[in-house]
Amino acid sequence: MRRPMVAGNWKMHGTCASVAELVQGLAKMAIPEGVDVAVFPTSLHIGLVLDHLKGRSILVGAQNCAHEAGQGALTGEVSPTQLQDAGCKLVLVGHSERRQIMGEGNEVLNRKFAAAQVVGLTPILCVGETLEQREAGKTLEVVGQQLDSIIEELGIDAFVNAVIAYEPVWAIGTGLTASPEQAQEVHAAIRAQLAKKNSEVAQGVRLLYGGSVKAANAVELFSMPDIDGGLIGGASLNADEFGAIIRAAGN
Ligand code: PEP
């Protein structure tokens, strides 16, 4: 039985004051039994968020990490070791904004994924197709290649301590959501691809859906058999809305 997870990606949002307010709202929330909740503030706000969430069962993660596990001469980067030392448990790897805007390709993402695991952080690997790719009928091929890159480089066991988020690029921040059936089709394909290498790993790995998830569509999405929760962007910036999505995962 996989534990559902709801993760909030705050992207490049927030000031010290607004983050403190958001996190105070989260700290008051009752988390349904059996649901893992995580938030991903900017690296600058990780300490502040951890302070406010002390004693609460909400995990904190980073939105990105360096491709080297340890410390060193790498201006502007934050290493997995430093994130782990600060109290992070998870890190996003390969969010489409980093793939597309920052130009991160599979090679560097494989290294980030591996570096995170070296220090015990759980990577959430984000995969997904653009609208053009979906319209060309290439969704499963594109997602399959993004996944294969990790499997070929690091082996199937890399997914024993990892989470995968399917995030169609056309649904991120656009208000367009994949239908539960569209999302389920891709999630089932991801699990089948992993199962070809190791069915136990495939059955155990959590697959989150991301792309304009809100309280209004979460129940339907989370009721699909291969959707184990969500990676939430915009809606995670509102404690009440995020709370409602978390409750949907607990149903
Ligand atoms: C995201 O950025 O991971 C995301 C899913 O964003 P949104 O929920 O705003 O579409």
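Visitor: Leaving aside neighbours within four places in sequence, which residues is S212 in contact with?
Guide: With contact meaning heavy atoms within 4.5 Å, S212 touches A171, G173, T174, G175, L176, T177 and N217. Please note that this is a predicted model, in which local features need pLDDT of at least 70 and side-chain atom pairs count only at pLDDT 80 or more, while totals for chains, interfaces and linings use all residues. Residues are numbered from 1 along each chain as its sequence is written, and side-chain values use heavy atoms, with hydrogens and water left out.

Visitor: Where is the place of S212?
Guide: S212 is in the loop between β7 (206-210) and α10 (215-222). Helices (H or I, at least four residues) and strands (E, at least two) are DSSP runs, numbered from the N terminus.

Visitor: Does S212 count as buried or exposed?
Guide: S212 counts as buried because its relative accessibility is 16%. Buried means under 20% relative accessible area, exposed over 50%, and partly exposed in between, with a 1.4 Å probe and protein chains only.

Visitor: Turning to charges, how many salt bridges are there?
Guide: The count comes to 11, a salt bridge being a side-chain nitrogen of Lys or Arg within 4 Å of a carboxyl oxygen of Asp or Glu. One of them joins the side chains of D36 and R206, at 2.7 Å from N to O. That pair links distant parts of the chain, with D36 in strand β2 (residues 36-40) and R206 in strand β7, 170 residues apart.

Visitor: Are D36 and R206 buried or exposed?
Guide: Both D36 and R206 are buried.

Visitor: And which residue forms a salt bridge with R191?
Guide: D226 does, with the closest N and O atoms 2.5 Å apart. R191 lies in helix α8 (residues 180-195) and D226 in the loop between α10 and β8 (229-232), so the pair ties together parts that are 35 residues apart in sequence. Salt bridges that share partners join R2, R191, D226 and D228 into one network.

Visitor: What about K54?
Guide: K54 forms a salt bridge with D51, where the closest N and O atoms are 3.8 Å apart. K54 counts as exposed because its relative accessibility is 65%, and D51 counts as exposed at 51%.

Visitor: Finally, what does the secondary structure of the chain come to?
Guide: The chain has 11 helices and eight strands. Buried residues make up 52% of its 251 residues.
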